[in-house]
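These are my notebook entries on a structure that I am reading for the first time. I set down what I looked up, entry by entry.

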Amino acid sequence: MSDATPASRPAPAAAGTTNPPPKQISRPAVAVLGVGQLALLTLVVVASLRSLPAMATYGLGSVMLYLIPAIVFHPVASSAATSAVGTRSGVYVWVREALGNRWGFTAVWLQWIQNVVWFPTQLAFIAGALAFVFVDPSLSSSGFFTAVVIIVFYWGATLVTLRGGNLFAKLGSWGGILGTLLPAVLLIVFGAIWVFSGERSQVSLAPSALIPPFTGLASIVLIVSNVLAYAGMEVNAVHVNQMKDPGKGYPRSVFLAAVLILLVFVLPTLAISVAVPSKELGLTNGIMLAFGVYFDHWGVGWATAVVSALIAAGALASVITWVAGPSKGVLAAAETGLLPPALQKRNKAGIQSGILMLQGMIVTVLAAIFIIVPNVSAAFVALIDMAAALYLIMYMLMFASAIVLRRKEPNVHRAYRVTALPFVAGVGFVACLAAFLLAFIPPDGFTAFPPALYPWIVGVVIVVLGAPPLLFYALRRPGWDRRPADGSLLSDAHPEA
């Protein structure tokens, strides 16, 4: 239907007169994204220092452990891009149109709930950094201290989010630069100076060390957690329509982003491994230990606290930015009648307060894991594996949807088309399925509870956190759909939410 209305049409000219030429209205041009710009956007979304200490224990072998997931996630970005047609973007729309509303809702729920599980892991990382800044570094191994930091900072971020506005979204980008990219560059420089000045490396730098040691399935389970290091490669595929020549530009952008992400991951990881013995590396304090070794060696130990503060600020900025973000997709589905009215509730600022309260309660319960499990690193690994498993289910749904959409709508114009999409998406699906199965195997050295219980605990968490959308869909009531008669969403009235 045309957007024009009778009131907007020009009035007829009076006899003997002519209408003046219509006034030209200047419209803002749609921004065109270059290859480099889209690659940098992807880098900012994906890059994180949180997973580096886990891979640093493998020394030079970490190069292969980063390279394999990078290859796996190329199909993720490609499948997402080929599904992004015009304004039809987002995993909820893609999966809904391919597999139906039930599975579309499940996919967006999983995308949201894995972020809920991610919050405690990111905040535990912050707790480790804060221990090096203000208190005793040994507290980075304290489950009680970590749980308190998680609860206090998460609910503080939630209260800020409930006020509305986009200030902290802007701070998030600066936090990413100062708290992620700057420390990564410093680690690369320090590591290079350390190696080339002849200092003793804690790991072998012989070419044979590129092949990581294999001592059984348990020794490679951390690869599952490393899969999440690349999560987000699909996010910027929705911008593919803004590229001048998506057919050529998008593949180049993905390749460039993969190279940049690998550099941000690999080189700082090696800088950590050459300075800190693997047996001393903790998953929440390994980066700070590395900076401590470097700064103490050069007689500026006080700088460790400064850099730790930057890392903590950057990580906190990312949490604040993401507290509201993923729940927006769930809210959009909720307002179509897929969730009860209590979870559709908004506050005066238009923020989805009902979902944020549920999100906060789940984070608080997960924070208790750090108290129950004596070893903070073990709790950290367990939460990462749970988040990976949930996210991998969502990715499998996305791969399946890309194949189905190509079959159902073969002639729809797409800004970017993947050659041999069924094969590409099929490879991604099988890789994610394999990683999902590995999530049920306890990591090497995990002693928090008996290995026989580990897969059951992971399975229970997956069911408890992943089954609700199926239950809500089965139990939905007509009264849950609170949309106006025209079918519009309340989101249209609150674009900031």
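**Entry 1: leucine 38.** I began with leucine 38, whose place is in helix 1 (residues 35-46). Helices (H or I, at least four residues) and strands (E, at least two) are DSSP runs, numbered from the N terminus. I found leucine 38 buried, with a relative accessible area of 1%. Buried stands for under 20% relative accessible area, exposed for over 50%, and partly exposed for what lies in between (1.4 Å probe, protein chains only). I also looked up a distance: leucine 38 and arginine 252 are 214 residues apart in sequence, and 9.8 Å apart in space from C-alpha to C-alpha.

**Entry 2: basis of the values.** I note that this is a predicted model, in which local features need pLDDT of at least 70 and side-chain atom pairs count only at pLDDT 80 or more, while totals for chains, interfaces and linings use all residues. Residues are numbered from 1 along each chain as its sequence is written, and side-chain values use heavy atoms, with hydrogens and water left out.

**Entry 3: the whole chain.** I recorded 17 helices and zero strands in the protein chain. Of its 497 residues, 50% count as buried. Among contacts between residues at least 6 apart in sequence, 81% join residues at least 24 apart; contact means heavy atoms within 4.5 Å.

**Entry 4: leucine 260.** I located leucine 260 in helix 9 (residues 246-275). Leucine 260 is partly exposed, at a relative accessible area of 24%. Which residues does leucine 260 contact, leaving aside its neighbours within four places in sequence? I found Leu40 and Leu43. Leucine 260 and threonine 42 are 218 residues apart in sequence, yet their C-alpha atoms are 9.6 Å apart in space.

**Entry 5: helix 4 and helix 5.** I turned next to helix packing. Two packed helices are described by the angle between their axes and the distance between the axes. Axes are lines fitted to C-alpha atoms, for helices over the stretch in contact, and angles run from 0 to 180 degrees between N-to-C directions. The axes of helix 4 (residues 91-99) and helix 5 (residues 101-133) cross at roughly 155° and come within 7 Å. Helix 4 and helix 5 are therefore roughly antiparallel to each other. Angles over 145 degrees count as roughly antiparallel, under 35 as roughly parallel, 65 to 115 as roughly perpendicular, and the rest as oblique. I noted the crossing of helix 4 and helix 5 as right-handed, the near helix being turned clockwise from the far one by less than a right angle. On the helix 4 side I listed Val91, Tyr92, Val95, Arg96 and Leu99; they meet Asn101, Trp103, Gly104, Phe105, Ala107, Val108 and Gln111 in helix 5. By class, this contact has eight nonpolar, three polar and one charged residues. Ala, Val, Leu, Ile, Met, Phe, Trp, Tyr, Cys and Pro count as nonpolar, Asp, Glu, Lys and Arg as charged, and the others, Gly among them, as polar.

**Entry 6: helix 5 and helix 12.** The axes of helix 5 and helix 12 (residues 353-367) come within 9 Å, crossing at roughly 45°. That makes helix 5 oblique to helix 12. From helix 5 the contact takes Trp109, Trp112, Ile113, Val116, Val117, Phe119 and Pro120, and from helix 12 Ile355, Leu358, Gln359, Ile362, Val363 and Leu366.

Entry 7: Helix 5 packs with helix 10 (residues 286-297) at an angle of about 30°, with their axes 9 Å apart. Helix 5 and helix 10 are therefore roughly parallel to each other. Phe125, Gly128, Ala129 and Phe132 of helix 5 make the contact with Ile287, Met288 and Leu289 of helix 10. I then looked up serine 308, in helix 11 (residues 303-338). Is serine 308 buried or exposed? Serine 308 is buried, with a relative accessible area of 2%. Leaving aside its neighbours within four places in sequence, serine 308 is in contact with Ala129, Phe132, Val133 and Met288.
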